[in-house]
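Please have the structure open while reading.

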Number of protein chains: 2
Amino acid sequence: MDINQIEPISRLVNEFSKLPGVGRKTAERYAYHIIRQSDDSAKSFSDAIMNVKAKIKFCECCGNYTEVSPCKLCRERSSKVMCVVKDPKDLMAVEKAGSYKGQYHVLHGTINPLAGVGPNDIRLKELLSRISNGETDEIIIATNPDVEGEATAMYIAKLIKPLGIKVTRIAQGISMGSELEYADEVTLSKALADRREI
Amino acid sequence: MDINQIEPISRLVNEFSKLPGVGRKTAERYAYHIIRQSDDSAKSFSDAIMNVKAKIKFCECCGNYTEVSPCKLCRERSSKVMCVVKDPKDLMAVEKAGSYKGQYHVLHGTINPLAGVGPNDIRLKELLSRISNGETDEIIIATNPDVEGEATAMYIAKLIKPLGIKVTRIAQGISMGSELEYADEVTLSKALADRREI
């Protein structure tokens, strides 16, 4: 008798194995954990899932997750500087760094012709409409330093520079606290090319 | 603004981080996955959690998880041989191996004086009552090969041997397909001591 023959357990295992990076073995471990929990704990877990779906929506302005639209960041921060990111996860990463105090714009994707994602499939029109009031002086592009992220950065720069707005890209180079010895060739070449006077 | 300030998200992240081996970063990844899912997918996940709590109980006979008690294994298999395991997870592992066709008995723990778990805290009385009808010829003890598992095996052997029932322990030695070179000393010593004539 496999675990698959106990329908409620196998159903939960299936649900857990849909999570990113979770295989069958890990999903079984999670399912057993739930079974061992009290009914209250399980209910609170189950409720948290429904709650997040019921309450979280996209900010109509920046595209981040929020309970209230426009979100706190759009309401309370100046639109002089705007940081463009791919995902809400990336926005959170920049926020956690703690040094940036401007607004954000979440693209919800990057241009990727191979996957059929063109400029019209990401939130570029929304970006243009947000900066059309002339209040924004600088757009910082913080997409990932991969092919799609770079292509998207180039595309946005070409689109926005003609409007007289400064477009910058986050610095690419060796990570703080890392060792040169272990840096990959591409990163090290980039770090050399983008060297700064001190 | 940290993710913690969006209450429904941070609540879900907290729930996910209670899962075994899940840290904050992984929990956030899971939570974002749920947010990106359709409402239906989230509902089906949420329902699966409640469903498992509502429908899964312990088999009053062997102690395994089941929808109907006594479970299928207890109803359909002979009680001539009984395999004693620590957890339902271990039962599933033995079942998956596919070669064992007898009944099981789940202890729900092993004797561990340091953690305050004595013989009366695991399902030993239930085991004695199950074999009291004289139908069982052999008890296979398949607890883990660690201190608690070994101690529990010894305890059960002392308890049951006087009743004239054969008590065996699963073999301990080098894993199939592994290499001697990488086997640890304790395992290799055990494998040498328990060598068999061929």
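With which residue does D39(B) form a salt bridge, and how far apart are the closest N and O atoms? The partner is K53(A), with the closest N and O atoms 3.9 Å apart. A salt bridge here is a side-chain nitrogen of Lys or Arg within 4 Å of a carboxyl oxygen of Asp or Glu.

## Basis of the values

This is a predicted model, in which local features need pLDDT of at least 70 and side-chain atom pairs count only at pLDDT 80 or more, while totals for chains, interfaces and linings use all residues. Residues are numbered from 1 along each chain as its sequence is written, chains are lettered from A and ligands numbered from 1 in the order in which they are written, and side-chain values use heavy atoms, with hydrogens and water left out.

Helices (H or I, at least four residues) and strands (E, at least two) are DSSP runs, numbered from the N terminus. D39(B) is partly exposed at 48% relative accessibility. K53(A) is buried at 14%. The classes are buried under 20% relative accessible area, exposed over 50%, and partly exposed in between (1.4 Å probe, protein chains only).

D39(A) and K53(B) also form a salt bridge, with their closest N and O atoms 3.9 Å apart. K53(B) sits in helix 3 of chain B and is buried, with a relative accessible area of 15%. Setting aside neighbours within four places in sequence, K53(B) contacts I34(A), I35(A), R36(A), Q37(A), S38(A), D39(A) and A42(A). Contact means heavy atoms within 4.5 Å. A polar atom of the K53(B) side chain lies 2.9 Å from the backbone oxygen of I35(A). For the backbone oxygen of I34(A), the distance is 3.5 Å. Within its own chain, K53(B) is 17 residues from R36(B) in sequence and 26 Å from it in space, C-alpha to C-alpha.

## The interface

The size of an interface is often given as the accessible area lost when the parts come together. Chain B and chain A bury about 5,300 Å² between them, 65% of it on carbon and sulfur atoms. This buried area is the accessible area (1.4 Å probe) that two parts lose on being put together, summed over both. Chain B supplies 54 residues to the contact, and chain A supplies 54 residues.

The interface holds 4 salt bridges. It also has 14 residue pairs in polar contact, both residues at pLDDT 80 or more. A polar contact is a pair of N or O atoms within 3.5 Å; within protein, one must be able to donate a hydrogen and the other to accept it, and residues adjacent in sequence count only if both atoms are side-chain atoms. On the side of chain B that touches chain A, two or more residues come from each of helix 1 (7-16), helix 2 (24-36), helix 3 (39-55), helix 4 (72-76) and helix 5 (88-97). Helix 3 gives the most, with 15 residues.

## Helix 1 of chain B

Of the 10 residues of helix 1 of chain B, 7 are buried, so this helix is largely enclosed by the rest of the structure. The buried ones are P8(B), I9(B), S10(B), L12(B), V13(B), E15(B) and F16(B). Their cover includes helix 3 and strand 2 (65-66) of chain A, together with helix 2 and helix 3 of chain B.

## Other charged residues

Over all chains, the count is 18 salt bridges. One pairs E150(A) with R169(A), the closest N and O atoms being 2.9 Å apart. Another pairs E28(B) with R24(B), at 3.8 Å. E28(B) and R24(B) lie in helix 2 of chain B, 4 residues apart, about one turn of the helix. E28(B) is buried at 9% relative accessible area, while R24(B) is partly exposed at 36%. A network of salt bridges links R24(A), E28(A) and K96(B).

E95(B), in helix 5 of chain B, is buried at 8% relative accessibility. Its side chain makes a polar contact with that of R77(B), at 2.9 Å. D90(A) is buried yet has no salt bridge; K86(A), the nearest side chain of opposite charge, is 6.1 Å away. Lys and Arg count as positive and Asp and Glu as negative; His and the chain ends are not counted.
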